[in-house]
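Morning, everyone. I'll take one model and walk through its packing. Here it is.

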Amino acid sequence: MIDPKQQADIIHRSLKRRYRKERRFRLYGIIAISIALGALVILFADIINKGHSGFLKTTITLDVEMDSERMYLEDPTNRDEVRMADFVEPLIVSLADILPEATEDDRNALRGLINPYASNQLRDELVANPDWMGTTQTITFLAHSDVDVYNKHKGNDAYSIKLNDQQQQWVDELQERGIVETSFNDVFFTSGDSRDPARAGVLGAIVGSLLVMFITLVLSFPIGVAAAIYLEEFAPRNKFTDFIEVNINNLAAVPSIIFGLLGLAVFINLFGMPRSVPFVGGLVLTLMTLPTIIISSRAAIKSVPPSIREAAEGIGASKMQVVLHHVLPLAMPGMLTGSIIGMAQALGETAPLLLIGMVAFIVEVPEGFFDAATVLPVQVFLWAGSPELAFIERASAAIMVLLTFLLGMNALAIWLRKRLERRW
Amino acid sequence: MNANENIVSEAGRPEEKVMAMKDPIEDAANAQSAPIQEGKTVGKPYVDDPKYKLRNVEVFYGEDRAIKDVSLDIARNQVISFIGPSGCGKSTFLRCLNRMNDSIDICRVKGDILLDDENIYHSKKDVVELRARVGMVFQKPNPFPKSIYDNVAYGPRIHGLANRKSDLDDIVEESLRKAGLWNEAKDRLHSIATGMSGGQQQRLCIARAIAVSPEVVLMDEPCSALDPIATARIEELISELSESYTIIIVTHSMQQAARVSNRTAYFHMGHLVEVNETNKVFTAPEHKLTESYITGRFG
């Protein structure tokens, strides 16, 4: 026996050591969290810094004179005439008018300020308003992407400015006169992909992602939940169900590109489904998401207290009634959370979709499950690999859009859980 | 009378109590070495016209024999308590009476359990129907995370006992009245049941069990999670309910068994050692083990 005084002393001395240990441990925790937060902040700061300019566009507003002689066009309702007409000339002329120092030799330089698709815009507007013929209209066009880059990034060494000194001087002058303006980039949200960075948008990818997500949700949630309920509530415990369980757990860890290969081999080669379509993308992502949903749903079912189950059984509820009336409502928040996390994972997935051809350059916004489409992360992948610097900011902007979607989905998960959570 | 004197004298001798507390293991070992004859129950296990007739019941958990050759009659509209040390199998035995053990895969039940002369383990017997006739109240209050009304109405709803809303309202009111909860609950019928106190929740569980008008109510230590006041309330309720229901209660409190039950059954390591009128069991136990248990030597 140690005498009480001595014992108190020993405890007192050890106390200091114990508290020191605790403080040290807390410090480690704080350091770990700081590192994680720091990395996150750097990531976000970098993306926002690179990408925020992607949400801005540069426009040029011109007074265009619709001169029939210059355009070789008498009647804008005549399709053949329209096809042969020159819509570039009036733009250059009107630009030359506001830049009187430009000479005939500067035509190409002037042309380099206007977006190559501006003539198409002029054509479309004129065809829509044939009575403009012979008048002068004030129309806002997109500037050339080189002007866009110069406008947003002059003085930034990371971007090479392709405009020559003369052009730079003009842009500066036009900017002062309010002809070249910077505004919110609505084009980015209203159009599909394009070779021209100034006209490239994420709408096609957003719609593609939504279509793929719809297929994934509609298939994986019911199948996953049904599988989880069966395995947890009805399946007999034997070697076979153990085998299934092990396999489901393993599937959750299979690299996603394998699912892409499977989709390519089974859905496209074996079943002959079309390539690049959201339907097949959804099927592949369903395969990938199912294990996640099944595992989280089973965990949610397991966490329903047995007392509730017993209470229902004790009154004489049948197995199905116990599951439907009691287990499912209590497990639902967990199931939904798991499913939304699985869906968020699927939303950010690129690799399996590359293999089924959703990586093609697609300009059109898809209109159905069997239209060729791409998805947001693949769009990011495509733009990030583009040699044209103007696409880099588009890629970062698209990442921001993707992150917004992910944050939205996670917020939805939290909201649903809070909403449906019940105490017992 | 002799045995009765024994208890009094033992309780009156403090040094022996101290001894018993000092070395409970040895004492229990001594007591447990008292002979138990398998399948032999002392006292009066059989009655005329029983509600439950149990013959040679054995329960296995895998290889373990948890209940060993138990034969017993449970009388109609009476309260019977099952007492015994922890792990003696009384809860397991209780759960056989409405086949709650069915959901445990490794559990097997042998022997005959007849409810009104029908074997409830007969392969054609439906377990849902059985549980509508034999209600159960559990150790921990386990109301559904729904409103008070929905808790009570759940049984009648799933069994289709009420066709109209007003019928259901009547059943809910009557059940809550019988469970002595009406006055407390009538103004908050649609608030969530888990917001009530433990005692109220347990009474709600009783109301839920009797809402389907069962013939038998099984109670598995219904007061073990409650304070003395709530316990007294439930015990009062059990006495009232025994007029119209057969009640089987498992309890760890011998005072409770003595207060609420007409008959008492003492279980020991899976054996049914003794069954008799409650006052006989507590005043003049016939078996040495019963005596040791009720005098607090072990358990």
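**Core and helix packing**

Take Ile247(B) to begin. Setting aside neighbours within four places in sequence, Ile247(B) is in contact with Val79(B), Val217(B), Met219(B), Ile238(B), Leu241(B) and Ser242(B). Contact means C-beta atoms, placed from the backbone, within 7 Å.

Some ground rules. This is a predicted model: local features need pLDDT of at least 70, side-chain atom pairs count only at pLDDT 80 or more, and totals for chains, interfaces and linings use all residues. Residues are numbered from 1 along each chain as its sequence is written, while chains are lettered from A and ligands numbered from 1 in the order written.

Next, the largest nonpolar core. It has 171 residues, and Ile247(B) is among those touching the most other members, as are Leu376(A) and Ala398(A). A nonpolar core is a set of buried Ala, Val, Leu, Ile, Met, Phe, Trp, Tyr and Cys residues joined through C-beta atoms within 7 Å. Buried means 20 or more other C-beta atoms within 10 Å of a residue's own; exposed means 12 or fewer.

Now helix H8 (residues 165–176) of chain A. Helices are DSSP runs (H or I, at least four residues), strands likewise (E, at least two), numbered from the N terminus. Which residues of H8(A) are buried? Gln167(A), Trp170(A), Val171(A) and Leu174(A). They cover an arc of only 100° around the axis, so they sit on the same side of H8(A). That arc uses directions from the helix axis to the C-beta atoms. On the other side, Asp165(A) and Glu176(A) are exposed. The buried residues pack against strand E1 (56–65), helix H5 (107–111), helix H7 (145–153) and strand E3 (180–184) of chain A. After H8(A) comes Gly178(A), with a positive phi near 80°.

Terms used: Contact = placed C-beta atoms within 7 Å. Expected span 1.5 Å × (residues − 1).
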